[in-house]
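Keep the structure open while reading.

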Amino acid sequence: MNIAQKIIKAHLVSGTMEAGSEIGLRIDQTLTQDATGTMAWLQFEALGRDSVQTELSVSYVDHNTLQMGFRNPDDHRFLRTIAGRYGAVFSAPGTGICHQLHLENFAKPAKTLIGSDSHTPTAGGIGCLAMGAGGLSVALSMAGEPYTISMPQIVEVRLSGALQGFAQAKDIILELLRRLGTQGGVGKIFEYTGEGVASLSVPERATITNMGAELGATASIFPSDNKTKEFLSKMGREEDWVFLAPDTNASYDDCVEINLSELVPLAAKPHMPDNVVSVSELAGLKVDQVAMGSCTNSSYADLKQAADIMKGKFVSSHTDTCVSPGSRQVLAMMMENGAMANLLDSGVRLLECACGPCIGMGSSPHSAGVSVRTFNRNFEGRSGTKDAQVYLVSPVTAAYCALNGEFTDPKTWGTPPEKPEFPEHIPSIKHHFLYPAKDEAERKNVQVLRGPNIVALENFEPLREELAGEVVLKVGDGITTDHIMPAGAEITALRSNIPAISEYVFSRVDENFVQRAKAVRDSGKCGFIVAGKNYGQGSSREHAALAPRHLGIRAVMAISFARIHRANLVNFGILPLLFENANDYDKLVLGVKVLVKPMQLEQNNRFFVEVEGLGKIYFKHDLSEQEFRLVRAGGLLNFVKNSK
């Protein structure tokens, strides 16, 4: 067996391990973050459980850390008190980014982890089967329910050689994105093997597994070997190490081979992470901003390398440069050995240990600015500046862009920096986490504190026999959850208030969408969205399904869907319908009247929709029997509550 199969088999609750079949997995650990966590915890509370049922659940605050007005502070207080009430660990704002913190402090080899953030697979760098999911799925896992997915295909990524020159771990995943694209990992787990694995540290591996999310992958995973043991030992967690490797004769569904020795520094051009070219091709392009950090590249090794390059030099006068360390531990190490002073002396601005610029939470580039970032996504508008041109690179490439004020050919960079080793003294930050009382009776005395922005969950009606309505939006290929439910300080502060945040759905795509959707909903009809390929790629934010459901959307008709968003649609009772013939996409226009008879779906995965003036258009669906039950009930929360 391969690694993924071993972990799945050990956690299998239901189903068979055949690619495409539905399986249920026991979940050992969960993580939530504040942008999705308030809703996940409200959903957990609605289930009526007395405490979390996992080995470990952690509530992180790392997204909405700007405390402008009462909304975010109220959410932080709610998350702190509800974690104490139900038995979760709480990580306060400023402690760090959830994925970096989880890798350092909690993730374990051979365990299962799901998180309400699409980059949860970061923990795959330590040999953990880690998956991103919608908040409701995480809430159910916290309640002890199995996590249901389609059994993925397991793809071997065989690494040979070792990185040379200025090539970095970031360039490995950018190369994979260049080859496979943002849909290349849908329904798959990427498992890294080969001699090249041993040359990569755990933080380097975590960079790769983190951006596996951009492939659309269910998860990415590395073996747990001596490098893993060394990392856990440095973190004071050697007892958490177990050896984990594929069997000698392990088989895979597919194989991709990458010779690390042949890689060069790469960059993803606007506006997709698979729009990859070599850095040398961009030489001469002026850079207005450089941002270093994010859950992809904010480790000690990442930032120390940049600091070494920038020591004694100064950033270009026209290039605004900032850094956000991934955790207080990373920051403390860099402060103790002078690396942070090197960055600050070079003119770099120090930001909080948080997600920050990655989700448009401050440090947005100027109008039409070229921003070079060590992040994982460069979707249009995600930076907070709609016409910004965002490029994704490694920390080494970012450092040279900051110093030179433009992209330059790596051949001109001189001697490559040495790969940093951990310092001898690594400060623990475990005292910054708030651990719940062990006694359940004591936890029951914790009062959950709610601010006025925390609005009770809406009760959604079950599926009707007929869904009559009209197309209220038509969009093209590659629509991301940032398109659907934009990020940024103003909007993310409303994550616990669905009626309020719904006012911003598709606001950067079509400013009249909300008005149209409400008019159809209030007339007693249903709204439908028509989309192209890979609808809903990107973040796991379930608000991109929950808010449209509030606006009366009952079906999305698309050529294809991204995995997590498709699951979120099902979780909130929205039908994900697939065009049988992609050419029919052109026939459905804004405002056309549509009639869907959902009960057809029970009888066959091929069915028709009646369209005014066109007659029948055929669709198919890939809903399992269980998923159709969820949609019929009006969503997963309804189904679970009604089945108890």
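Phe-90 stands opposite Leu-434 in strand 20. Strand 20 and strand 5 (residues 89-91) pair in the antiparallel sense, over 2 bridges. The model is a predicted one.

- How many of the 5 residues of strand 24 (residues 575-579) are buried? The count is 5 of the 5, so strand 24 is largely enclosed by the rest of the structure.
- In a regular strand, side chains alternate between the two faces of the sheet.
- Strand 24 is covered on both faces. Leu-575, Leu-577 and Phe-579 are buried on one side. Pro-576 and Leu-578 are buried on the other.
- Strand 23 (residues 553-558) pairs with strand 24 in the parallel sense, over 4 bridges. Between these two strands, the chain passes through helix 19 (residues 563-571), and this β-α-β crossover is right-handed.
- Leu-575 in strand 24 has Ala-555 opposite.
- Strand 24 also runs antiparallel to strand 27 (residues 615-620), joined by 2 bridges. Here the bridge partner of Phe-579 is Phe-619 in strand 27.

**Pairings of strand 25**

- Strand 21 (residues 467-474) and strand 25 (residues 593-596) run antiparallel, and 4 bridges join them. Ala-468 has Leu-595 in strand 25 as its bridge partner.
- Strand 25 is also joined to strand 26 (residues 606-611), by 2 bridges. That pair runs antiparallel too. Val-594 stands opposite Val-611 in strand 26.

**Helix 7 against helix 8**

- Two packed helices are described by the angle between their axes and the distance between the axes.
- Helix 7 (residues 202-210) and helix 8 (residues 226-234) pack at about 105 degrees, with axes 9 Å apart. The angle makes helix 7 roughly perpendicular to helix 8.
- Helix 7 brings Val-202, Pro-203 and Arg-205 to this contact. They meet Lys-227, Thr-228 and Phe-231 in helix 8.

**Cysteines**

- A disulfide is a covalent bond between the sulfur atoms of two cysteines. The structure holds 0 disulfides.
- The cut-off for a disulfide is 2.5 Å.
- Is Cys-98 buried or exposed? Cys-98 counts as buried, because its relative accessibility is 0%.
- For Cys-358, the closest cysteine sulfur is in Cys-295. The sulfurs are 6.0 Å apart, so this pair is too far for a bond as well.
- Cys-358 is buried, with a relative accessible area of 7%.

Definitions and conventions. Residues numbered from 1 in each chain as written. Predicted model: local features only at pLDDT ≥ 70, side-chain atom pairs only at ≥ 80, totals over all residues. Heavy atoms only, no water. Pairing = 2+ DSSP bridges. Buried < 20%, exposed > 50% of the residue type's maximum accessible area, 1.4 Å probe, protein only. Right-handed = clockwise from strand over helix to strand, strands pointing away. Axes fitted to C-alpha atoms, helices over the stretch in contact; angles between N-to-C directions. Parallel < 35°, antiparallel > 145°, perpendicular 65-115°, else oblique. Contact = heavy atoms within 4.5 Å.
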